[in-house]
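Subject: Handover of a structure

Dear colleague,

Please find the structure below, followed by an account of what was found in it.

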Amino acid sequence: MAELAAPAVGDWDFPRGTASIELMTRFAADRGLAAGRLLSATSLSPDLLADPAAQVDARQELAVVRALAALDGSDAAALELGRRYRVTTFGIFGFACISSPTLRDAMLFALRYFDLSFAFCIPHVVTEGDRIILELDDRRVPADVARFLVLRDLSAIFAVMRDLLPEIALDDLSFRHEASTVDAYVTAFGIEPRFGADACRATLDLAFLSLPLPQANEQTVALCAAQCEVLVARKRQRSGISQQVRERLVRLGGVDAGMDEIARQLTLSTRTLRRRLAEAGTNYRALVDEVRQALAEELLDTGVLSVEDVAYRLGYAEASSFIYAFKRWTGMTPAAFARRFRAARQAPPGR
């Protein structure tokens, strides 16, 4: 057994575009469900969903999934939802896959840039003899929506694979859970699955990997790959647990609520949060300083607030402590920073 390639990420907490949330709200509306409840479970606005460049925390999408599953968490709903995800749903990432020379190339590309997808279950693809095996790992997915997301994600993956190669077919399919009905599974996957297995696993003929894709285009895939590289590099700079902590600190206006409180909001122990931040190459104090510096610069740049006001808003008991910290971050005092920006704004154009 040999792994085709390791996925770029090992967890689901990467930032995402809004296309998946928009798709789920449309899906709920089409089924006569209370689609408004999906967004009300988050801090997202309809305007944000209309912005193709917007990025959201994975937990925002998870909240939408939970709201949808509360309205209809049936296997049939999860499988039908998955079939709504087509290759075009994924934007430039999807165009790169469909323009790849073969299914193998498309799979390698998808695994390399997996954090441009909307999945929560992490795929592992291996070859064994004349078979290729796709297994979904849902161990890190919250238990209350794990079954729903396993079905949505695998149904979406197979729908995209059919877009890439219409003749593709599964030889075997298994799930850990027990089934209520098999009809929806047959509609989604073309075969009747086995239930109560040790993993969520799909098997197909290895020969499919080498078949040329109907829309293969070397120039298109090269162009798309370059754009995906830029997108994913930008995203990975601010992704994962570090971004989750940053976002919560920003919501608090830079006020340090303490690592214990942030861990509680993330439903983690303080020890686990400390470990995961260390694995990401940072620590809680560094993130507090980063958020405070960014907010301080924005507030000073308005020219409206005094240094004392900014210090107070960021949770400092004394302005002197803020001044010391700001100088450590930037090499200048807050007053000098504000003067520099005022001078830049007042300078005539072209200077």
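Where is threonine 42 found? Threonine 42 lies in the loop between helix 2 (36–40) and helix 3 (46–49), helices being DSSP runs of H or I with at least four residues, numbered from the N terminus.

This is a predicted model, in which local features need pLDDT of at least 70 and side-chain atom pairs count only at pLDDT 80 or more, while totals for chains, interfaces and linings use all residues. Residues are numbered from 1 along each chain as its sequence is written, and side-chain values use heavy atoms, without hydrogens and water.

Threonine 42 has 14% relative accessibility and therefore counts as buried (under 20% relative accessible area, with a 1.4 Å probe and protein chains only). The side chain of threonine 42 reaches the backbone oxygen of leucine 39 at 2.9 Å. Neighbours within four places in sequence aside, threonine 42 is in contact with Gln60, Ala63 and Val64 (contact means heavy atoms within 4.5 Å).

Two helix pairs follow. The axes of helix 1 (residues 19–30) and helix 5 (residues 75–83) come within 11 Å and cross at roughly 125° (axes are lines fitted to C-alpha atoms over the stretch in contact, and angles run from 0 to 180 degrees between N-to-C directions). Leu23, Met24 and Phe27 in helix 1 meet Ala77, Glu80 and Leu81 in helix 5.

For helix 14 (residues 284–301) and helix 16 (residues 319–330), the axes come within 11 Å and cross at roughly 100°. These two helices, helix 14 and helix 16, are therefore roughly perpendicular to each other (65 to 115 degrees).

Yours sincerely

Note on methods
Parallel < 35°, antiparallel > 145°, perpendicular 65-115°, else oblique. Buried < 20%, exposed > 50% of the residue type's maximum accessible area, 1.4 Å probe, protein only. Polar contact = N/O pair within 3.5 Å; in protein donor to acceptor, adjacent residues only side chain to side chain.
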